[in-house]
Amino acid sequence: MTATAPHQPDVAAALAAVRRVRPLVHCITNDVVMNSTANALLALGASPVMAHAPEEAAGIAAGAAALVVNLGTPTRWRAEAMRLATAAARAGGIPWVMDPVGVGSSPWRHDLARELAGARPTVIRGNAREILSLAWGETDGAGVDSEAGVSEAAREAARALAQEQGCVVAVTGFVDFVSDGERELHVHNGHPLMARVTGTGCMLGAVLAACLGAGAPPFDAAVAALVLFGLAGERAGAGDVGPGTFQVRLFDALAALGPDDLARDARIAP
Ligand SMILES: Nc1ncnc2c1ncn2[C@@H]1O[C@H](COP(=O)(O)OP(=O)(O)OP(=O)(O)O)[C@@H](O)[C@H]1O
Ligand SMILES: Cc1ncsc1CCO
Ligand SMILES: [Mg+2]
């Protein structure tokens, strides 16, 4: 299928909305990135709540503006919380992001990821390896993207997943790719140091949820989050910076970026 040319998403408006609304984002995420994800949302101007007990997951999701479900360190109980929270989000019309971290790590995690992908996520966000694995069950990372850009295999997987699940799919890496099964765009913002600190993809999933929670339409929210987070990476990585300093500067950049910066410096391509 030939992709239709989309309207250019209003990335500046998406950031302005986040600052205005300060959306409450319920995060069921992994143990590695719990703290950095909360800090990224606070720096951006959103409001995080990390909660993963099954006993309270549905109620907290129902009261949030958006939900992000991240499969980085799943347990039986956390999987149950994800089922309950996503069901509550679906019932309440609350947008949610699925981040299929390490979906190919084990058959159990793959089954859980497939189950959640079928639970009507608003956006699925993963790196090329994860999107290929979620779409086709590939576990060897064949065709993962590289500095040459997004591989056609990853694009095909994203398109197929978007059409199959009726959602938006974002594939991240050196270049990012967004598809809703019909419209497609590439985002070229970002910095190589983003791949040298843990959890940048996980933070991005939460930033994407914040854009959804502030009211941006799913395709626009995905593009806006990729531009916003990529630009924050560019700012944080400018000059002579190592990974440690970079992570701290990433929070500073998320706080300092304004809608005008996004409008001016977004690198979005067909
Ligand atoms: N080499 C690169 N150059 C520019 N930007 C990059 C590069 N690698 C990753 N990024 C950016 O970093 C962010 C995270 O993407 P990435 O694909 O690394 O996620 P991930 O593999 O899921 O990360 P993690 O699992 O550590 O959370 C995205 O905004 C992406 O554009
Ligand atoms: C390193 C790592 N292991 C499980 S989750 C995670 C954080 C990156 O997603
Ligand atoms: Mg990841």
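Are W96, M98, V97 and D99 of strand 4 buried or exposed? Good morning. I shall answer after a word on the source. This is a predicted model, in which local features need pLDDT of at least 70, side-chain atom pairs count only at pLDDT 80 or more, and totals for chains, interfaces and linings use all residues. Residues are numbered from 1 along each chain as its sequence is written, while chains are lettered from A and ligands numbered from 1 in the order in which they are written.

Strand 4 comprises residues 96-99; strands (E, at least two residues) and helices (H or I, at least four) are DSSP runs, numbered from the N terminus. In a regular strand the side chains alternate between the two faces of the sheet. In strand 4, W96 and M98 on one side and V97 and D99 on the other are all buried, where buried denotes 20 or more other C-beta atoms within 10 Å of a residue's own, the C-beta atoms being placed from the backbone.

Let us turn to the neighbours. Strand 3, residues 66-70, runs parallel to strand 4 and is joined to strand 4 by four bridges; two strands pair if DSSP finds at least two bridges between them. On the other pairing, strand 5 (residues 123-127) is also parallel to strand 4, with two bridges. M98 faces V69 of strand 3, and M98 also stands opposite I124 in strand 5.

Helix 4 (residues 76-92) lies in a right-handed β-α-β unit with strands 3 and 4; right-handed means that, with the strands pointing away from the viewer, the path from the first strand over the helix to the second runs clockwise. Helix 5, residues 107-117, forms another right-handed unit with strands 4 and 5.

Note on methods: Buried ≥ 20, exposed ≤ 12 C-beta atoms within 10 Å, placed from the backbone.
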